[in-house]
There are 4 protein chains.
Amino acid sequence: MAGSTFGTLFRVTSWGESHGKALGVVVDGCPAGLPLSEDDIQKYLDRRKPGQSRFTTARSEGDRAEILSGVFEGKTTGTPISILVRNQDQHSKDYSNIADIYRPGHADLGFDRKYGLRDYRGGGRSSGRETIGRVAAGAIACRILERKGIRVTAYTKAIGPVSCDPGRFDSAYLKESTLGMPDREAEEQAQAYLNRCMEEKDSAGGIVECVITGMPQGIGEPVFDKLDALLGQAMFSIGAVKGVEIGAGFGAAAMRGSENNDQYAYPDAAGKDACMYGRDVRPVKTTNHAGGILGGMSDGSDVLIRVAFKPTPSIARPQTALAADGSIREIEIRGRHDPVIVPRAVVVVECMAAITVLDLLMRDLPSRLDW
Amino acid sequence: MAGSTFGTLFRVTSWGESHGKALGVVVDGCPAGLPLSEDDIQKYLDRRKPGQSRFTTARSEGDRAEILSGVFEGKTTGTPISILVRNQDQHSKDYSNIADIYRPGHADLGFDRKYGLRDYRGGGRSSGRETIGRVAAGAIACRILERKGIRVTAYTKAIGPVSCDPGRFDSAYLKESTLGMPDREAEEQAQAYLNRCMEEKDSAGGIVECVITGMPQGIGEPVFDKLDALLGQAMFSIGAVKGVEIGAGFGAAAMRGSENNDQYAYPDAAGKDACMYGRDVRPVKTTNHAGGILGGMSDGSDVLIRVAFKPTPSIARPQTALAADGSIREIEIRGRHDPVIVPRAVVVVECMAAITVLDLLMRDLPSRLDW
Amino acid sequence: MAGSTFGTLFRVTSWGESHGKALGVVVDGCPAGLPLSEDDIQKYLDRRKPGQSRFTTARSEGDRAEILSGVFEGKTTGTPISILVRNQDQHSKDYSNIADIYRPGHADLGFDRKYGLRDYRGGGRSSGRETIGRVAAGAIACRILERKGIRVTAYTKAIGPVSCDPGRFDSAYLKESTLGMPDREAEEQAQAYLNRCMEEKDSAGGIVECVITGMPQGIGEPVFDKLDALLGQAMFSIGAVKGVEIGAGFGAAAMRGSENNDQYAYPDAAGKDACMYGRDVRPVKTTNHAGGILGGMSDGSDVLIRVAFKPTPSIARPQTALAADGSIREIEIRGRHDPVIVPRAVVVVECMAAITVLDLLMRDLPSRLDW
Amino acid sequence: MAGSTFGTLFRVTSWGESHGKALGVVVDGCPAGLPLSEDDIQKYLDRRKPGQSRFTTARSEGDRAEILSGVFEGKTTGTPISILVRNQDQHSKDYSNIADIYRPGHADLGFDRKYGLRDYRGGGRSSGRETIGRVAAGAIACRILERKGIRVTAYTKAIGPVSCDPGRFDSAYLKESTLGMPDREAEEQAQAYLNRCMEEKDSAGGIVECVITGMPQGIGEPVFDKLDALLGQAMFSIGAVKGVEIGAGFGAAAMRGSENNDQYAYPDAAGKDACMYGRDVRPVKTTNHAGGILGGMSDGSDVLIRVAFKPTPSIARPQTALAADGSIREIEIRGRHDPVIVPRAVVVVECMAAITVLDLLMRDLPSRLDW
């Protein structure tokens, strides 16, 4: 019971189903005095909005954010910020035929077993729409982090078998990419791949990469609330995530110590930016296999996270499924579904990373004070 | 501050440094009436004990567990169980030469930045010895789970570039393997690889795989405390972990939906064991790419977790390191260090998985009751 | 930061200000399958509604509850229940003259010091209207408890110097009493007292008493989350509360042990109802100085709580107040204010008691299971 | 399950039974760099030690504190501090005759009902000895608060019917008083009263008052984690507490608003100490009925708490008690018991207040930062 709250000091409570009246979030612990408007939230929500390319669902999700509390005269007051997004355009009838079927790759069976019943209209709480609350909260977290010089940027690293080439990384192109890929060539291949998937009534997965720059050192609370541990929880809490890596990730497992250990080059030597934050003199590492985290605390380098998403489980292709009565049935899942969720998940990864980092920044404050 | 407690109802608080007087754990929320002796704990601690092969450190860590509370006349009483392990054989002098150096791949810099000082004798709180408390607590969790038919088993999947072959999986051999590998052939290759690493004063990483059988369905609390989310936190909270996968993991990102979606075969059809737990009739899946988790809840199949460990950062080979005064120095790390920590980490992965699952089983109880 | 969530398994998150767009609550951890409609919530909200007698504010607070999530086809689904109440009839201008004044007995100064700014329209987050979320959540908790035979009943024990006489306790009269007093004679005196307060532009305090019947034994989690400890937190979290007693309360401090110790009479001997709950055979106590709680756990007797409310701090009578610029000013507080909040606080006490008890019932479940 | 942890950032986990091997505490979240020795802890433990007068039990509880972790070279390191006190002189046989009896006023029945068994040797977890962990943790909290100019002082306000007279308050005498009373005359009467109790094989209760001076303004997290709410939880979590008041407490319920509202006098006008803390300019109030807390946040005045303790339930006088088999038996409780626990509870109240305030000070930090 009661798993819809995340964070200790910057605390986010998510609520709402895909086909209920509304979805939303309560953000408790937002500092006072922060300028905040509904537009600030909307910009982030628009990034996860469907219908932006032919590879995202044709449902029109208006998704207008309404701030109901915690903001007074354009500024946050320190009290809980409640944000509401009404559901519209719910073709609930599309789902009546699956009320008693457990769709492959979906949470249907789990909900039925856990609760004895479920809201069978769409994914309910495990729908991608649940991320609306996360993104609204993350928009606030991102704004606060940016004011402290911390920037969270995610992008599509791979779609199906097509990966961006680090050598072709193009941050300018990222802004116009419909798939959120910072590599024009890879994106074209990914589009071709997605077209084939769609023709074959199939779907694709992919990988989102997230970089956090400007991180102060020593953030993360050993031993259970380490920075990577809470990022791990945050990322795996996003639907469809099956793997998370920090820095070299699984690649580190095959390296030697002498290879994997990042060596430090002192800023002056490297002629790079020495950044200051409290006790920080930020050294430059010649590699970053650690992904900016050592012993569960930030080391001042960029934090690097990679998140693997499985292919959209809802496919129009015929599949066998378990029914509530125990029979096996052949089904074709109708409705409008993304052939790949990865491009829309980019902003969700960003937002969950921002929420995690901001909460840990706050939790770290007592250790910075001279008691 | 305050990151040393894990769990909501089965709550584990870890304390202690590698070179302090003692290490230990408080287990709060253990059910009453469970037969429990120090030997039950010791069996698990012995599995993480060093000195069992030439590939683990020669330090003799006696590591005798003492139960200080929560057990009366051989049974748990429901009150907190405090377990203590005294430190012995601390060659603290081995570390005096690194008091003002941030060793590559270690948490030294983070602690200094966060707290302004650190216990420089060994890893302190980020030492592998910190896992003693986790293993003592996990021993209790495993016992309770086993009584409910849930069994957690981990093993070394890979060391460096050498992987076990699923086709050669030999659970009988696993019991005698010095590297915790269930594949005799792979183990021989891994030993050869480790010998080369040691000759070259280097170290190796690897992968631990963990299987949980007998899981009831519907365990995990969407949306932030999903089973995979808390397993993610639990695994990344272990030192040296850089990646975590559930089921097909990063492989799922490259699959098509039609390929990744597991199909159900009804138990009778499969002629397999139909297991009962509350509302469960456990269906059999023809594949298990989901790794037993859908929508953050167990689906009744085996839960599959893979955890990537980086190579031991302490190597005798010369390295450059940042010193507290900002200079770059060449160092050779002396002392006794495992060339690979993976075999000793196997039981830690098991224990963290068990603690996570038991806590979520307890948190799930209110949803099973007919209110 | 982040103090707006209460409970571990039945978890309530409150949000909203008196003069913002709306107030509400997210109830996470409500069991599935419970029939629930907006009317069920409304009945409780109506009990705290003002304007029901001349002793409550003339503001018309419509306070219609809207359920936005967590209910499907009339039943709870186990997912978070979000409940919204729009604010109406906010005479915000009444407050502009106090924007830079710290009203005596109010939280104004605290908010300004804590956050550097505040929503000065009314009490903001410390307004009595904040209890709307608590009551909506408590309505759900009460329904669930009643299905388990646990009934929470509160009433006005005293207003100013006028106390109900236990010998005249009349539960039938309680239903029609405008002041929530179960003693017609005391109520008449209380009304006379309140009339004098109003004539003199003054206000009154009082005491609410709460009885929980049907409590199973052993509920409460020693040592910090004892039943009385969490009831203490719950009651003191209600605005204007200055004292809480369990059972004999402060009276126990003056008793002898031989007098205060409740003696047991076995049900049969007493010829009373022996109630069963799990392991319970409920004995009858000849007295109940313990107020149904021993060692932080319920003993099966009625739980007795008394809560002292200070007089409404907003009075029309001239007072001196500190201004933000450090000057002392004479003020008369305009606006519509209850001369006494106690009658409207009765349902709030009931609801907070119910939320606390239900959460502890859930937390107790693992100790009842045969592991 | 799992109720033995208190606090969010300064987090205290208590463990141990009266007749187990040891008792102790883990303090997680203590700032680094604080000078700390076992003597610092011992001074506080000695204040709760029995045998200091004829009114406390003759048991010799050596109670030597051992610090096992979190301190390096005489300073805290920011990692968890584990403190251990071995039990000695446990006359466990004194208790064998009550193994199957539920002593009046004790938690015996609750433990048996909750867990199905109990450690019947003394109070187990509900023994006064459990407070050893609280006092050890509180000793650390007090030291930190004192460095920030916050001082927590408690004393015996009343024993049985004998109360200290505020007009005779003598802080010098408090130091030598055996009953912790700051009023020599009242203490003499209290001693006479206790002598009578002892002659009659009976026991007495009493009231502890606690004053916190130097509190910054705005501490406390509305709405559920208000300063008074968490003090309420902290105080009611101490065994034998039946009532808690803040400021005027129950007396406020009988006051008029015009009387209860504290009026501000600006420091200069009052010629008193204007204290500075962050945004604070501390005004002086002409009364302090609020007890230093408004809207759940400190207002800069002294925080005033009063805590009612019931009489020691263990009395040698014959009583009837419920037995596990359902029979009613006459018992005389042997063993060595305090005729009044109040003098020894004084330091426990201080410590719980200090832990609560320090945790809330830390939680408040993000609201003080200019984000």
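How many residues does the contact take from chain A and how many from chain B?

Tutor: The model is predicted, so local features are given only where pLDDT is at least 70 and side-chain atom pairs count only at pLDDT 80 or more, while totals for chains, interfaces and linings use all residues. Residues are numbered from 1 along each chain as its sequence is written, and chains are lettered from A and ligands numbered from 1 in the order in which they are written.

The contact takes 96 residues from chain A and 96 residues from chain B, where two residues are in contact if their C-beta atoms, placed from the backbone, lie within 7 Å. On the side of chain A that touches chain B, helix α6(A) gives the most, with 7 residues; helices (H or I, at least four residues) and strands (E, at least two) are DSSP runs numbered from the N terminus. Sorted by class, that side of chain A has 43 nonpolar, 33 polar and 20 charged residues, with Ala, Val, Leu, Ile, Met, Phe, Trp, Tyr, Cys and Pro counted as nonpolar, Asp, Glu, Lys and Arg as charged, and the others, Gly among them, as polar. Because 100% of the interface residues of chain A are also interface residues in chain B, the copies meet through the same surface.

At the level of strands, β12(A) and β12(B) run antiparallel and are joined by 3 bridges; two strands pair if DSSP finds at least two bridges between them. In this pairing, A:Glu245 has B:Gly243 as its bridge partner in β12(B). The two β12 strands belong to an open, antiparallel sheet of 10 strands, in the order β10(A)-β9(A)-β11(A)-β17(A)-β12(A)-β12(B)-β17(B)-β11(B)-β9(B)-β10(B). The edges of this sheet are β10 (162-163) of chain A and β10 (162-163) of chain B, each of which pairs on one side only. Helix α6 (residues 227-236) of chain A packs on the sheet and touches β12 (241-246) and β17 (303-309) of chain A as well as β12 (241-246) of chain B, its direction making about 155° with that of β12(A); axes are lines fitted to C-alpha atoms, for helices over the stretch in contact, and angles run from 0 to 180 degrees between N-to-C directions. Helix α9 (residues 342-368) of chain A lies across β9 (151-159), β11 (206-213) and β17 of chain A, at about 145° to β9(A). In the part of the sheet from chain B, strand β11 (residues 206-213) runs antiparallel to strand β17 (residues 303-309), and 7 bridges join them. There, B:Val208 has B:Val307 as its bridge partner in β17(B).

Chain A also meets chain D, in a contact that takes 17 residues from chain D and 17 residues from chain A. Helices α3 and α9 (342-368) of chain D each supply at least two residues of the side that touches chain A, and α9(D) gives the most to that side, with 5 residues. By class, the side of chain D facing this contact has 10 nonpolar, 4 polar and 3 charged residues. Here too the copies meet through the same surface, because 100% of the interface residues of chain D are also interface residues in chain A. Chain D is superposed on chain A by a rotation of 180° with 0.0 Å of shift along its axis (RMSD 0.0 Å), and D:Leu365 is the residue of chain D that comes closest to the rotation axis, at 3.4 Å (C-alpha).

Definitions and conventions:
Copies are superposed by least squares on the C-alpha atoms of residues with pLDDT of at least 70 in both.
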